[in-house]
Structures are given as C-alpha cells and as structure tokens.
Amino acid sequence: MRRYGKNPDEDDIRVRPNPKGNRPRTNIRPKHADAGEGLVLTVDRGRLTCLIDGRTVTAMKARELGRKSAVVGDRVAVVGDLTGAKDTLARIVRVEPRTSTLRRTADDDDPFERVVVANADQLAIVTALADPEPRPRLIDRCLVAAYDAGLDPLLVLTKSDLASADSLLESYGALGVPYIVTNRDELTDGSAADRVRAGLAGRMTAFVGHSGVGKTTLVNALVPERRRATGHVNAVTGRGRHTTTSALALPLPGGSGWVIDTPGVRSFGLHHVDPSRVIHAFPDLEPGTAGCPRACSHDEPDCALDEWVTDGHADPARLYSLRRLLATRERREGD
C-alpha cells in the first residue's frame, strides 16, 4: 500500500524527532585555542591538581583524551573554570608531548608499565646508609631506569651519622654519578637542605627510594612550607612504612627548580627497558660496541668491549659497572 502517493516530496513525509540524531556526527575536534597552560602537580582518584598562572586548579580528564592519561609533571591544556575557586572543576583536553618519561614495572615479568613522572630531567636516588640498610640492587635498577629515560642521576645518601658512606660510594665511583651525603643534624640546622638545593637548581628532579630512607623528611627540609607526613622504620622488619601515597610536585623556594616527591617503592621492575639502550649512558664504551656480534648482551665471550678496554680506550671499572647494571635486569633487588 502506497502511503504518500506517486510523487511524494519532502513536505509530504513525516519525520519523527530524534534528540540523539539532531547533531551531525563529525571527527573534527575543537582545537581549544583558548585553553590555559597548566602543570600537573598531583593526581588523586581521578582529580588532577594543576598549576595555572600561579593558581591551583582542580581538573579531570576530558572524554576526548580517551585512554591517554596525565601524570605528575605533565604539561597540559585546560579549559573550563580556571579560577581555582572552591567546588569548581576544569577539564584537561590535551597532554603536551613529553620531554622524558620515567617508568617502572611491578617486577621484571610484569609487562604493565607505570609512569612515575613526566618531563623530569634529573632523578635523585635517595638511600639510607643504615636503618634501613642500603639496597645496592635497587640503586642499580633506578640508575638503569634513569639512563633509559634520559635523566641525569643524583645519589642522595641519608643518615651518615649512623654509618659511613665510603664503601657505597666506592662501588659507584666508576659511574661518575654525583652524590650528596647528609645526616640528621644537618637536616635540623638546614645545611643539608642548602647543599641539596644547589644540586637541584634549575632542574625538575624526581625523588625515588624505598620507604624509611628519609626521602619525605628531606623534601620537607627543602620546602618547609609544604610539610608532608613522615613515618618510621619498623624495628622488627627493618623496613619503612608507606606515608607518601601519591606523587607531588613542589616548587623550590625562589623558583629555582622543582622537586617531585614520590611514594616509597619496594621494587623497581625493568621489564620495559631495552638493555641495548643502557650503553648510551657510557659514551666511553659505546664506540667499542661496533665490533660486537649481533644482539650482543655485552657480557659474553665474543663481546668486543673486552678488547676495547684491553686496548686502553676505557677504564675496566667502567665495563664492570655497565655489566653490573645490565645484570640487574635478570635478578631481583633483594638478591
């Protein structure tokens, strides 16, 4: 049965309103040219605190970002209410390209990468000389992650009033990693904070270390107006308690740099690290790899680095350090 006759035109056809179909679909997304530029300071249960023009603004990720996430240190584009007033919420519509990304995995068998911080240019590896005892394997793993991410490492040794730093520093001497040694009295009178600030000037530095090493205590000394909760070391297990639960970026006094305090770690997996990239942190050894066999692990009989060192092109201690760092990919921190 013909409903509209022989020659129906548009006026003869009834169109049911469709509220979901009135807006034409398009793949063109708004450019948000008027978006504010922000720095992610911390992330807490889907809410991101951003610094925009000197104000802290609470924001959430816009749907158009999809699965892409923002982490502490990210530079982001933010739209909406940027006043920072109470109960206001803005939207992060774009995450700018990162200059660096520090990652870790739960262990070496876990393929899921966790981004620790973005856009940092220095990694301060904080470890106590006693109470709890230093864990060189964890330090090695942090060094590998720093070299892989293109960050300059800085070794910060705390509690030197309880034990000497000489033996630990000797084992890292060949790597040429800069270091700062502190003790409890120096943290109290402020002299330690001044020396650490000098090593952080003009940099965005991420602090990492296992619980109880005094990492947050040091951050509180560096930025006294933004004190964070600290804990103590368990007398039975010799391990610290997690008191820092989320990463937080803090500006150093006078705008001389940034420090990012991160939660204490029990492990630092390197599943994401390609061992072939670690050699880039050893410019004195890298030319010697030209004669290595294909896919050389740099720790096998045919490795050309042995001959390179024997010919006097590099210090044997440097090759030992390289191989020790590469071996951390195959063993756990407690070994």
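R324 and D140 are joined by a salt bridge between their side chains, with an N to O distance of 3.4 Å. The pair links distant parts of the chain: R324 belongs to helix α8 (residues 316–327) and D140 to helix α1 (residues 136–149), and the two are 184 residues apart. Both R324 and D140 are buried. The coordinates come from a predicted model.

## Overall composition

The chain has 335 residues, of which 44% count as buried. Its secondary structure amounts to eight helices and 13 strands.

What share of contacts between residues at least 6 apart in sequence joins residues at least 24 apart? For this chain the figure is 64%.

## Further salt bridges

In total, the structure holds 17 salt bridges. One of them pairs the side chains of R103 and E113, at 2.9 Å from N to O. R103 lies in strand β6 (residues 101–104), while E113 lies in the loop between β6 and β7 (114–118), 10 residues apart. R103 is partly exposed because its relative accessibility is 30%. E113, with a relative accessible area of 36%, is likewise classed as partly exposed.

R203 forms another salt bridge, with D152, in which the closest N and O atoms are 2.7 Å apart. R203 is in the loop between α4 and β11 and D152 is in strand β9, so this pair ties together parts that are 51 residues apart in sequence. R203 counts as partly exposed at 23% relative accessibility, and D152 counts as partly exposed with a relative accessible area of 40%. These two residues also belong to a network of salt bridges that links D121, D152 and R203. In general terms, side chains of opposite charge can pair when their charged atoms come close.

## Helix α4 and its surroundings

Which residues of helix α4 (residues 191–200) are buried? They are A192, A193, V196 and L200. Viewed down the axis of α4, these buried residues fall within an arc of 95°, so they line one face of the helix.

After α4 comes G202, which has a positive phi, near 75°.

## Strand β9 and T158

T158 is located in strand β9 (residues 152–158). Is T158 buried or exposed? T158 is buried, because its relative accessible area is 4%, below the 20% limit for that class. Leaving aside residues up to four places away in sequence, T158 touches V126, T127, A128, L129, T182 and V213. D152, the salt-bridge partner of R203, is also placed in strand β9.

## Nonpolar cores

The largest nonpolar core comprises 54 residues, and within it L123, L143 and L322 touch the most other members. Helix α1 contributes the largest share of this core, with nine residues. Apart from residues up to four places away in sequence, L123 touches L102, C142, A146, L151, D152, P153, L154, A206 and V208. Another core lies apart from the largest one; it has 20 residues, among them L218, V223, L248 and L252.

## Cysteines

How many disulfides does the structure hold? The count is zero. C292 is in no disulfide, and the nearest cysteine sulfur, that of C303, is 3.9 Å away. The pairing is excluded because a disulfide requires sulfur atoms within 2.5 Å.

C292 is buried, because its relative accessibility is 15%. C50 is also buried, with a relative accessibility of 1%.

Note on methods:
Residues numbered from 1 in each chain as written. Predicted model: local features only at pLDDT ≥ 70, side-chain atom pairs only at ≥ 80, totals over all residues. Heavy atoms only, no water. Buried < 20%, exposed > 50% of the residue type's maximum accessible area, 1.4 Å probe, protein only. Helix = DSSP H or I, 4+ residues; strand = E, 2+ residues; numbered from the N terminus. Contact = heavy atoms within 4.5 Å. Arc of directions from axis to C-beta. Salt bridge = Lys/Arg side-chain N within 4 Å of Asp/Glu carboxyl O. Core = buried A, V, L, I, M, F, W, Y, C linked by side-chain atoms within 4.5 Å.
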